[in-house]
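User: I have a chain open in the viewer and would like a short walk through it. Could we begin with the overall picture?

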Amino acid sequence: MRSSLLILLALVACGHSEPFVGSSGRAEGPFTPDGQLTVNGTAMLDWAGDGAGILVFTSRPDEKYDLPLLVGRGRKDPLDNCLGLIPRDGGSMTWQFCDRRLSHFRDSNDVFVTASIGPYGELLYVESSQPPDFFFPVATEAELWLGSRHAPYGERRHLLRLYRDDNGHPTVSEDQVNWLTDVQWAGQDAFIARAYYLRPDSLLTPFGIARGVITRDTTTLTILPGTAGIIGFVAAEDGNSIVYARAGRTIVSLPSNGLAERIVATLPSGVISSVSCQQQVCVAVTQDGGSNGIGASTLWRVSLANGQATVLRTFLSVKVPTKVRLSPDGRRVVVQKTDGRLFLLSDLEL
(Lines give C-alpha, C1' and ligand atoms only; values in the text may rest on other atoms or scores of the structure.)
Protein backbone atom coordinates (compact mmCIF):
# COMPACT_ATOMS: atom_id res chain seq x y z
CA MET A 1 0.00 0.00 0.00
CA ARG A 2 1.20 3.51 -0.75
CA SER A 3 0.33 4.65 2.75
CA SER A 4 2.65 2.06 4.30
CA LEU A 5 5.76 3.49 2.67
CA LEU A 6 4.69 7.08 3.26
CA ILE A 7 4.47 6.14 6.94
CA LEU A 8 7.97 4.67 6.72
CA LEU A 9 9.29 7.91 5.26
CA ALA A 10 7.61 9.85 8.04
CA LEU A 11 9.31 7.66 10.63
CA VAL A 12 12.91 8.46 9.67
CA ALA A 13 14.00 8.86 13.24
CA CYS A 14 17.56 7.65 12.71
CA GLY A 15 18.74 10.34 10.31
CA HIS A 16 22.10 12.07 10.70
CA SER A 17 22.06 15.49 12.31
CA GLU A 18 23.91 16.88 9.30
CA PRO A 19 21.58 16.56 6.31
CA PHE A 20 22.47 15.34 2.88
CA VAL A 21 22.37 18.00 0.23
CA GLY A 22 20.57 17.74 -3.10
CA SER A 23 20.14 20.17 -5.95
CA SER A 24 17.41 20.63 -8.50
CA GLY A 25 16.84 22.81 -11.54
CA ARG A 26 15.05 23.14 -14.84
CA ALA A 27 15.93 20.81 -17.66
CA GLU A 28 17.56 22.15 -20.80
CA GLY A 29 17.45 19.94 -23.85
CA PRO A 30 16.99 17.33 -25.11
CA PHE A 31 20.63 16.87 -25.96
CA THR A 32 20.12 15.82 -29.59
CA PRO A 33 17.03 15.13 -31.73
CA ASP A 34 18.25 11.63 -32.63
CA GLY A 35 17.72 10.25 -29.14
CA GLN A 36 21.22 10.60 -27.69
CA LEU A 37 20.83 11.45 -24.00
CA THR A 38 24.43 11.74 -22.77
CA VAL A 39 27.60 13.10 -24.35
CA ASN A 40 29.95 10.79 -22.47
CA GLY A 41 29.69 7.40 -20.86
CA THR A 42 27.77 7.14 -17.62
CA ALA A 43 26.50 4.41 -15.31
CA MET A 44 22.76 3.97 -15.81
CA LEU A 45 20.72 2.57 -12.95
CA ASP A 46 17.03 2.63 -13.91
CA TRP A 47 14.02 4.84 -14.51
CA ALA A 48 12.57 6.71 -11.56
CA GLY A 49 9.39 4.95 -10.52
CA ASP A 50 7.20 7.88 -11.54
CA GLY A 51 8.74 7.95 -15.03
CA ALA A 52 10.20 11.43 -14.55
CA GLY A 53 13.65 10.44 -15.77
CA ILE A 54 16.57 8.05 -15.74
CA LEU A 55 18.66 7.62 -12.60
CA VAL A 56 22.43 7.66 -13.20
CA PHE A 57 25.66 7.95 -11.29
CA THR A 58 27.52 11.23 -11.73
CA SER A 59 30.87 12.55 -10.58
CA ARG A 60 30.88 15.11 -7.77
CA PRO A 61 32.00 18.50 -9.04
CA ASP A 62 35.05 20.14 -7.49
CA GLU A 63 34.14 22.80 -4.96
CA LYS A 64 36.10 25.60 -3.31
CA TYR A 65 36.13 23.90 0.09
CA ASP A 66 37.74 20.69 -1.20
CA LEU A 67 41.12 19.89 0.31
CA PRO A 68 43.66 19.54 -2.54
CA LEU A 69 46.49 17.04 -2.56
CA LEU A 70 49.94 18.36 -1.73
CA VAL A 71 51.11 17.44 -5.23
CA GLY A 72 48.94 18.04 -8.27
CA ARG A 73 45.42 19.41 -8.46
CA GLY A 74 43.44 16.37 -7.35
CA ARG A 75 41.06 16.22 -4.42
CA LYS A 76 41.75 14.31 -1.24
CA ASP A 77 38.45 12.44 -1.77
CA PRO A 78 38.61 11.69 -5.52
CA LEU A 79 36.17 8.75 -5.48
CA ASP A 80 33.14 10.74 -4.32
CA ASN A 81 30.16 10.40 -6.62
CA CYS A 82 26.54 11.60 -6.81
CA LEU A 83 23.16 10.43 -8.05
CA GLY A 84 21.53 12.32 -10.90
CA LEU A 85 18.25 12.30 -12.81
CA ILE A 86 18.15 12.81 -16.59
CA PRO A 87 14.72 13.90 -17.92
CA ARG A 88 12.78 11.16 -19.72
CA ASP A 89 13.10 12.90 -23.10
CA GLY A 90 16.66 14.10 -22.63
CA GLY A 91 18.28 17.28 -21.43
CA SER A 92 20.34 18.46 -18.50
CA MET A 93 19.91 16.86 -15.11
CA THR A 94 16.94 18.08 -13.09
CA TRP A 95 18.19 16.63 -9.79
CA GLN A 96 21.50 15.73 -8.24
CA PHE A 97 22.18 14.18 -4.85
CA CYS A 98 25.64 14.37 -3.28
CA ASP A 99 26.95 13.70 0.21
CA ARG A 100 28.17 17.05 1.51
CA ARG A 101 28.00 16.37 5.23
CA LEU A 102 30.70 18.40 6.95
CA SER A 103 32.02 15.31 8.70
CA HIS A 104 32.63 13.61 5.34
CA PHE A 105 32.94 16.40 2.80
CA ARG A 106 36.72 16.71 2.58
CA ASP A 107 38.31 13.72 4.27
CA SER A 108 36.49 10.57 3.14
CA ASN A 109 35.51 8.85 -0.08
CA ASP A 110 31.68 8.74 -0.08
CA VAL A 111 30.36 6.47 -2.81
CA PHE A 112 26.79 5.67 -3.79
CA VAL A 113 26.99 1.96 -4.66
CA THR A 114 23.43 1.48 -5.91
CA ALA A 115 20.07 3.26 -5.75
CA SER A 116 16.44 3.10 -6.82
CA ILE A 117 13.64 5.69 -6.88
CA GLY A 118 10.09 4.47 -6.25
CA PRO A 119 6.82 5.77 -7.74
CA TYR A 120 6.33 8.39 -5.02
CA GLY A 121 9.91 9.54 -4.77
CA GLU A 122 11.06 6.90 -2.26
CA LEU A 123 14.84 6.84 -2.47
CA LEU A 124 16.54 3.56 -1.55
CA TYR A 125 20.33 3.52 -1.72
CA VAL A 126 23.56 2.00 -0.46
CA GLU A 127 26.38 4.37 0.42
CA SER A 128 29.88 3.44 1.48
CA SER A 129 32.35 5.74 3.22
CA GLN A 130 36.08 5.19 3.62
CA PRO A 131 39.14 7.25 4.61
CA PRO A 132 41.08 8.14 1.44
CA ASP A 133 44.34 6.45 2.44
CA PHE A 134 43.01 2.88 2.65
CA PHE A 135 42.65 0.21 0.00
CA PHE A 136 39.01 -0.68 -0.63
CA PRO A 137 37.21 -2.02 1.30
CA VAL A 138 39.40 -1.84 4.44
CA ALA A 139 37.99 0.77 6.87
CA THR A 140 34.84 1.06 4.75
CA GLU A 141 31.43 1.50 6.36
CA ALA A 142 28.45 0.72 4.11
CA GLU A 143 24.77 1.23 4.90
CA LEU A 144 21.38 0.78 3.26
CA TRP A 145 19.28 3.95 3.62
CA LEU A 146 15.72 5.06 2.91
CA GLY A 147 15.00 8.69 2.05
CA SER A 148 12.99 10.78 -0.38
CA ARG A 149 13.98 12.32 -3.70
CA HIS A 150 11.52 15.15 -3.06
CA ALA A 151 13.23 16.17 0.17
CA PRO A 152 16.97 15.66 -0.33
CA TYR A 153 17.66 18.02 2.58
CA GLY A 154 15.49 15.97 4.90
CA GLU A 155 16.44 13.16 7.23
CA ARG A 156 16.77 9.53 6.21
CA ARG A 157 16.09 6.18 7.81
CA HIS A 158 18.83 3.63 8.39
CA LEU A 159 17.69 0.20 7.16
CA LEU A 160 20.68 -2.15 7.22
CA ARG A 161 24.26 -2.11 8.39
CA LEU A 162 26.41 -3.67 5.66
CA TYR A 163 30.19 -3.94 5.30
CA ARG A 164 32.49 -3.43 8.29
CA ASP A 165 35.98 -4.67 9.14
CA ASP A 166 38.19 -4.52 12.19
CA ASN A 167 41.62 -3.38 11.01
CA GLY A 168 41.34 -5.56 7.92
CA HIS A 169 39.51 -8.45 9.60
CA PRO A 170 35.85 -9.16 8.75
CA THR A 171 33.31 -8.47 11.47
CA VAL A 172 30.68 -10.95 10.20
CA SER A 173 30.94 -14.58 9.11
CA GLU A 174 30.96 -15.64 5.46
CA ASP A 175 27.36 -16.88 5.61
CA GLN A 176 26.02 -13.34 6.21
CA VAL A 177 25.14 -10.65 3.67
CA ASN A 178 27.25 -7.52 4.02
CA TRP A 179 27.08 -6.02 0.51
CA LEU A 180 24.23 -5.17 -1.87
CA THR A 181 24.19 -4.04 -5.49
CA ASP A 182 21.50 -3.54 -8.17
CA VAL A 183 18.85 -2.46 -5.66
CA GLN A 184 15.36 -2.13 -7.18
CA TRP A 185 11.96 -1.36 -5.72
CA ALA A 186 9.66 -4.38 -6.03
CA GLY A 187 6.40 -3.21 -4.48
CA GLN A 188 5.23 -0.65 -1.96
CA ASP A 189 7.49 -1.79 0.87
CA ALA A 190 9.71 -4.41 -0.78
CA PHE A 191 12.89 -4.40 -2.84
CA ILE A 192 15.24 -6.83 -4.56
CA ALA A 193 19.02 -6.69 -4.85
CA ARG A 194 22.10 -8.79 -5.53
CA ALA A 195 23.46 -9.97 -2.20
CA TYR A 196 27.11 -10.77 -1.45
CA TYR A 197 29.63 -11.44 1.23
CA LEU A 198 32.43 -8.88 0.75
CA ARG A 199 35.84 -9.80 2.13
CA PRO A 200 38.49 -7.27 3.21
CA ASP A 201 40.60 -8.34 0.20
CA SER A 202 37.67 -7.11 -2.00
CA LEU A 203 36.64 -10.58 -3.20
CA LEU A 204 32.86 -11.09 -3.44
CA THR A 205 30.96 -14.29 -2.71
CA PRO A 206 27.53 -14.11 -4.41
CA PHE A 207 24.46 -15.36 -2.56
CA GLY A 208 21.98 -14.54 -5.36
CA ILE A 209 18.94 -12.30 -5.40
CA ALA A 210 17.74 -11.10 -2.02
CA ARG A 211 14.19 -9.90 -1.43
CA GLY A 212 13.98 -7.22 1.21
CA VAL A 213 10.89 -6.23 3.16
CA ILE A 214 10.70 -2.93 5.05
CA THR A 215 8.39 -2.75 8.05
CA ARG A 216 7.81 -0.08 10.66
CA ASP A 217 10.70 -1.31 12.80
CA THR A 218 12.85 -3.72 10.81
CA THR A 219 14.24 -4.59 7.38
CA THR A 220 14.63 -8.27 6.52
CA LEU A 221 16.46 -10.00 3.67
CA THR A 222 15.57 -13.39 2.18
CA ILE A 223 17.87 -15.04 -0.36
CA LEU A 224 15.97 -16.67 -3.25
CA PRO A 225 17.53 -20.12 -3.80
CA GLY A 226 19.26 -20.89 -7.10
CA THR A 227 19.69 -17.26 -8.19
CA ALA A 228 23.43 -16.82 -7.64
CA GLY A 229 24.43 -17.24 -11.30
CA ILE A 230 21.64 -15.46 -13.15
CA ILE A 231 22.13 -12.83 -15.88
CA GLY A 232 20.44 -9.57 -14.98
CA PHE A 233 17.17 -9.37 -13.12
CA VAL A 234 14.21 -7.04 -12.79
CA ALA A 235 11.01 -6.83 -10.75
CA ALA A 236 7.87 -7.40 -12.84
CA GLU A 237 4.10 -7.59 -12.48
CA ASP A 238 3.91 -5.00 -9.68
CA GLY A 239 6.66 -6.75 -7.77
CA ASN A 240 4.90 -10.11 -7.75
CA SER A 241 7.60 -11.73 -9.88
CA ILE A 242 11.26 -11.38 -10.77
CA VAL A 243 12.46 -11.86 -14.34
CA TYR A 244 16.01 -12.78 -15.34
CA ALA A 245 18.03 -14.75 -17.89
CA ARG A 246 19.68 -18.17 -17.65
CA ALA A 247 21.97 -20.11 -20.01
CA GLY A 248 22.43 -17.25 -22.43
CA ARG A 249 19.08 -17.18 -24.23
CA THR A 250 16.40 -18.25 -21.76
CA ILE A 251 14.19 -15.74 -19.94
CA VAL A 252 12.77 -16.97 -16.64
CA SER A 253 10.07 -15.68 -14.29
CA LEU A 254 10.21 -16.39 -10.55
CA PRO A 255 7.40 -15.53 -8.10
CA SER A 256 8.58 -13.10 -5.44
CA ASN A 257 8.16 -15.86 -2.86
CA GLY A 258 10.86 -17.83 -4.71
CA LEU A 259 8.83 -21.04 -4.98
CA ALA A 260 9.17 -22.16 -8.61
CA GLU A 261 10.74 -20.81 -11.80
CA ARG A 262 8.75 -20.57 -15.02
CA ILE A 263 10.49 -20.47 -18.40
CA VAL A 264 9.00 -17.55 -20.31
CA ALA A 265 10.87 -17.80 -23.61
CA THR A 266 14.09 -19.00 -25.21
CA LEU A 267 15.35 -16.54 -27.80
CA PRO A 268 16.46 -18.05 -31.13
CA SER A 269 19.87 -16.34 -31.23
CA GLY A 270 22.38 -14.27 -29.33
CA VAL A 271 23.33 -14.09 -25.66
CA ILE A 272 21.15 -11.99 -23.36
CA SER A 273 23.03 -9.16 -21.67
CA SER A 274 20.11 -7.21 -20.18
CA VAL A 275 16.37 -7.47 -19.58
CA SER A 276 13.76 -4.99 -18.33
CA CYS A 277 10.00 -5.41 -17.73
CA GLN A 278 6.81 -3.50 -17.00
CA GLN A 279 3.65 -5.43 -16.22
CA GLN A 280 3.40 -8.22 -18.86
CA VAL A 281 5.94 -6.79 -21.34
CA CYS A 282 9.71 -7.19 -21.27
CA VAL A 283 12.50 -5.93 -23.50
CA ALA A 284 15.83 -7.75 -23.77
CA VAL A 285 19.16 -7.10 -25.48
CA THR A 286 21.23 -9.92 -26.95
CA GLN A 287 24.84 -9.76 -28.06
CA ASP A 288 25.13 -11.40 -31.47
CA GLY A 289 28.84 -11.40 -32.12
CA GLY A 290 30.12 -9.34 -35.05
CA SER A 291 33.45 -9.15 -36.85
CA ASN A 292 36.21 -6.78 -37.97
CA GLY A 293 35.57 -4.42 -35.07
CA ILE A 294 31.85 -4.17 -35.84
CA GLY A 295 29.50 -5.37 -33.10
CA ALA A 296 26.01 -6.79 -33.48
CA SER A 297 23.11 -6.83 -31.05
CA THR A 298 19.33 -7.22 -31.12
CA LEU A 299 16.55 -5.63 -29.09
CA TRP A 300 13.64 -8.00 -28.40
CA ARG A 301 10.11 -7.64 -27.08
CA VAL A 302 9.01 -10.58 -24.94
CA SER A 303 5.52 -11.20 -23.58
CA LEU A 304 5.34 -12.62 -20.06
CA ALA A 305 1.81 -13.82 -20.79
CA ASN A 306 2.52 -16.09 -23.77
CA GLY A 307 6.31 -16.05 -24.24
CA GLN A 308 6.11 -14.55 -27.74
CA ALA A 309 9.43 -12.95 -28.70
CA THR A 310 9.69 -10.44 -31.55
CA VAL A 311 12.59 -8.38 -32.87
CA LEU A 312 12.20 -4.65 -32.22
CA ARG A 313 15.48 -3.47 -33.73
CA THR A 314 18.87 -4.78 -34.81
CA PHE A 315 22.17 -2.95 -34.40
CA LEU A 316 25.36 -3.34 -36.41
CA SER A 317 27.96 -0.79 -35.37
CA VAL A 318 31.23 -0.22 -33.56
CA LYS A 319 29.17 0.65 -30.46
CA VAL A 320 26.03 -1.41 -29.85
CA PRO A 321 23.55 -1.55 -26.96
CA THR A 322 24.41 -3.82 -24.03
CA LYS A 323 21.89 -2.63 -21.41
CA VAL A 324 18.19 -1.74 -21.70
CA ARG A 325 15.62 -0.11 -19.42
CA LEU A 326 11.86 0.12 -20.11
CA SER A 327 10.03 3.14 -18.68
CA PRO A 328 7.30 2.65 -16.05
CA ASP A 329 4.58 3.49 -18.59
CA GLY A 330 6.00 0.89 -21.00
CA ARG A 331 6.36 3.42 -23.83
CA ARG A 332 10.00 4.49 -23.76
CA VAL A 333 13.17 2.43 -24.06
CA VAL A 334 16.61 3.64 -23.05
CA VAL A 335 19.68 1.66 -24.08
CA GLN A 336 23.28 1.99 -23.00
CA LYS A 337 25.89 1.33 -25.65
CA THR A 338 29.33 -0.20 -25.18
CA ASP A 339 30.90 3.26 -24.81
CA GLY A 340 28.53 4.07 -21.93
CA ARG A 341 26.38 6.64 -23.75
CA LEU A 342 22.59 6.52 -23.30
CA PHE A 343 20.07 6.64 -26.15
CA LEU A 344 16.29 6.94 -26.12
CA LEU A 345 14.78 4.71 -28.82
CA SER A 346 11.61 5.79 -30.60
CA ASP A 347 9.20 4.24 -33.12
CA LEU A 348 9.18 0.90 -31.35
CA GLU A 349 6.18 -1.43 -31.50
CA LEU A 350 5.82 -2.04 -27.79
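Analyst: Of the 350 residues in the chain, 51% are buried, meaning under 20% relative accessible area with a 1.4 Å probe on protein chains only, where over 50% is exposed and in between is partly exposed. This is a predicted model, in which local features need pLDDT of at least 70 and side-chain atom pairs count only at pLDDT 80 or more, while totals for chains, interfaces and linings use all residues. Residues are numbered from 1 along each chain as its sequence is written, and side-chain values use heavy atoms, with hydrogens and water left out.

User: How many helices and strands are in the chain?

Analyst: The chain has one helix and 26 strands. Both are DSSP runs numbered from the N terminus: helices are H or I with at least four residues, strands are E with at least two.

User: What is the volume of the largest pocket?

Analyst: The largest pocket holds about 870 Å³ of space. A pocket is an open set of points, on a 1 Å grid over the protein atoms alone, where a 1.4 Å probe fits, with protein on both sides within 12 Å along at least five of seven lines. Points are joined across faces, edges and corners, and the volume is the space filled by probe spheres set on them.

User: Which residues lie nearest its centre?

Analyst: Asp46, Gln184, Trp185, Ala235 and Gln278 lie nearest the centre of the largest pocket, out of 43 lining residues, where lining means having an atom within 4 Å of a point. Strand 20 (271–278) gives the most to this lining, with six residues.

User: And the lining by class?

Analyst: The lining of the largest pocket has 20 nonpolar, 15 polar and eight charged residues. Here Ala, Val, Leu, Ile, Met, Phe, Trp, Tyr, Cys and Pro count as nonpolar, Asp, Glu, Lys and Arg as charged, and the others, Gly among them, as polar.

User: Changing topic: why is strand 18 largely enclosed?

Analyst: Five of the six residues of strand 18 (residues 250–255) are buried, so the rest of the structure largely encloses this strand.

User: Which strands does it pair with?

Analyst: Strand 18 pairs antiparallel with strand 17 (residues 241–246) over six bridges, and four bridges join strand 18 to strand 19 (residues 262–266), also antiparallel. Pairing requires that DSSP finds at least two bridges between two strands. Pro255 stands opposite Ser241, while Ser253 has Arg262 as its bridge partner.

User: What about the turns?

Analyst: Three residues lie between strand 17 and strand 18 in their hairpin, where Ala247 takes a positive phi near 50°. The hairpin of strand 18 and strand 19 has six residues between the strands, and Gly258 in that turn has a positive phi of about 75°.

User: Which residues have the most contacts inside the largest nonpolar core?

Analyst: They are Leu124, Val126, Leu144, Leu162, Trp179 and Leu180, in a core of 21 residues. A nonpolar core is a set of buried Ala, Val, Leu, Ile, Met, Phe, Trp, Tyr and Cys residues joined through side-chain atoms within 4.5 Å. Strand 13 gives the most to this core, with five residues.

User: Is Asp238 buried or exposed?

Analyst: Asp238 is exposed, with a relative accessible area of 59%, and lies in the loop between strand 16 and strand 17.
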